[in-house]
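Subject: Handover of a structure and what was found in it

Dear colleague,

Please find the structure below, together with its sequence.

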Amino acid sequence: MLRTTFSSGQISYSEGDAHGCLWDEARVPRAPAAELRANIKRDVVIVGGGLTGLWSALALKEKRPELGVAILEAAQCGFGASGRNGGWCSALFPEEMDHLTDRVGYDLAAAQYEAMRAAVTWVGEFTTRHGIECDFHLGGTLMLATNPAQVDRLRTAAEHSADHTWLSTEHARVRVRPAHLFGASYTPNCAAIHPRKLVDGLVALALERGVEIFEQSPVTAISPGSARTSHGSVQAPAILRCTEAYTTTLKGHRRTLLPIYSLMIATEPLTESTWDRIGLANRETFSDGRHLLIYGQRTADNRFAFGGRGAPYHFGSRISSGFDSEPGVFDNLAQTLYSLFPQVAQAAITHRWGGPLGVSRDWTASVGFDRISGLGWAGGYVGDGVSTTSLAGRTLADLVLQEDTDLTQLPWVGHRSRHWEPEPFRFLGVNAGRSLAATADWFEDRSQRPARRTEWLMKQLLR
Ligand SMILES: Cc1cc2nc3c(=O)[nH]c(=O)nc-3n(C[C@H](O)[C@H](O)[C@H](O)COP(=O)(O)OP(=O)(O)OC[C@H]3O[C@@H](n4cnc5c(N)ncnc54)[C@H](O)[C@@H]3O)c2cc1C
């Protein structure tokens, strides 16, 4: 086990190494599903066995149990972000309400946001109905202002939001007690979940419903009517691409989505008296108002699971398991957690892991299905995929089955984001954005004033 202690801004390690992904400890032991080693025909083939693929398969089977639905997964179901995330099942949508309103008008934007709120409770009801025990707890989210520079940003966002309330420092302290607190915004629309338990529960249910799952079966080519691996193929009139960050590895999609790495750490279980000093009694998920995103949850077994951005983007949108581990980023995360909550300064960091998430060029998630080619997709959730994938899966099912429903009217349906820039511009722009975010946070921490110039520069880069 890795023991990390915090003193005078230094991280020191002792006692061996930390384990990988915390959530994997709850993995349900099962033999891997078969590889695809034949040429078969089905009604729908889904490429990617993460949450998007699983929710889509289940939604199709729920509506039409007789459909032949196959999932082709390159590794094991839940291998991607779905099995490694921070476990926020939130109503967050990557495109801000103001931007979406400018693009599609208020009514459609409001409908999209309402669908996101509904998706959170939908996941809770679905998992309860099907006996999937994934530690779902609807405790809401606290966005903490941890320095005065963050106050205006968070308070203004709360005032413009339909479901956030601004809490004074005094009221916020009732829920959470970080070292520095200048108020917080609160929304009830987020549950903390255990990602691996959710994925494994969905896999079991999908198999029970007759979905065929092929694992260790990377798809090498998708074309209308067929998805091929190196050992077989599935011919189907409908093919759904559910590969999120890994989309970049598919032919013709190198610039469709950008893989950004998010990394996480977990502490050992903390005592009840430590939690009494920290708060988060309702397992509220939490973040703060900094630019370089951090996120955390109190797990059902009383640990902190805590993550953030800050890992580099890799030239050419490369994805590699080696990139899941960045010692410098893990150190920063531990240091950030300890400075937020000095109550845990003596706690061991027991797990460290990471993975890629998918970002579209306009930071907009989308779902779509082309009736002529029979090709569909969903993704670009940035870091907000846990609930959004359920909305995507149900929407994809309606689109494939050609049913016009409230879901198929939402503005993210059929949206096409433009491609990312070619290299080296992508590499330079994305990593410059990351450095600017870190610089802005550094400036705000020291000056206690908003880093307006740096924010302006970041906006120019993101356009
Ligand atoms: C560290 C981290 C923390 C996060 N925290 C949160 C959070 O707290 N809340 C939240 O809402 N979101 C969070 N996210 C994002 C969220 O996890 C994702 O948006 C979501 O899981 C995406 O699901 P998916 O099924 O679309 O993609 P993935 O889970 O990435 O699944 C894609 C699957 O496709 C497979 N695949 C790839 N290529 C091929 C191929 N050629 N053939 C066949 N299969 C292929 C992969 O092996 C993978 O299993 C986080 C992400 C990360 C990495």
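Which residue in β19 is the bridge partner of M264? The partner is G307. Before going further, please note that this is a predicted model, in which local features need pLDDT of at least 70, side-chain atom pairs count only at pLDDT 80 or more, and totals for chains, interfaces and linings use all residues. Residues are numbered from 1 along each chain as its sequence is written.

Strand β19 and its partners

Strand β19 covers residues 304–308. Strands here are DSSP runs of E with at least two residues, helices are runs of H or I with at least four, and both are numbered from the N terminus. β16 pairs with β19 in the antiparallel sense over 4 bridges; two strands count as paired if DSSP finds at least two bridges between them. Strand β18 (residues 294–298) also runs antiparallel to β19, joined by 5 bridges, and G296 stands opposite F306 in β19. In the hairpin of β18 and β19, 5 residues lie between the strands, and N302 takes a positive phi near 70°.

Because 5 of the 5 residues of β19 are buried, the strand is largely enclosed by the rest of the structure. A residue is called buried if 20 or more other C-beta atoms lie within 10 Å of its own, exposed if 12 or fewer do, and partly exposed in between, with C-beta atoms placed from the backbone. In a regular strand the side chains alternate between the two faces of the sheet. In β19, F304, F306 and G308 point one way, while A305 and G307 point the other way.

Domains and the ligand

The protein chain is divided into domain 1 (3–25 + 138–191 + 258–360), domain 2 (32–123 + 195–257 + 362–409) and domain 3 (422–463); these bounds come from an automatic or database domain assignment. The ligand shell draws residues from both domain 1 and domain 2, so it lies between them. In total, 45 residues surround the ligand, the closest being G48, G50, G80, G86 and G385; a residue is near the ligand if its C-beta atom, placed from the backbone, lies within 6 Å of it. The shell divides into 20 nonpolar, 21 polar and 4 charged residues. In this scheme Ala, Val, Leu, Ile, Met, Phe, Trp, Tyr, Cys and Pro are nonpolar, Asp, Glu, Lys and Arg are charged, and the others, Gly among them, are polar. β20 gives the most to the shell, with 4 residues.

The centres of domain 1 and domain 3, taken over C-alpha atoms, are separated by 20 Å. Their contact takes 15 residues from domain 1 and 14 residues from domain 3, where contact requires C-beta atoms, placed from the backbone, within 7 Å. Helix α4 (residues 148–159) gives the most to the domain 1 side, with 5 residues.

A buried loop residue

L407 is found in the loop between α9 (388–400) and α10 (425–447). Why is L407 classed as buried? The reason is that 20 other C-beta atoms lie within 10 Å. L407 touches R394, T395 and D398, not counting residues up to four places away in sequence. L407 and A115 are 292 residues apart in sequence, and 8.0 Å apart in space, C-alpha to C-alpha.

Yours sincerely,
A colleague

Note on methods. Two residues are in contact if their C-beta atoms, placed from the backbone, lie within 7 Å.
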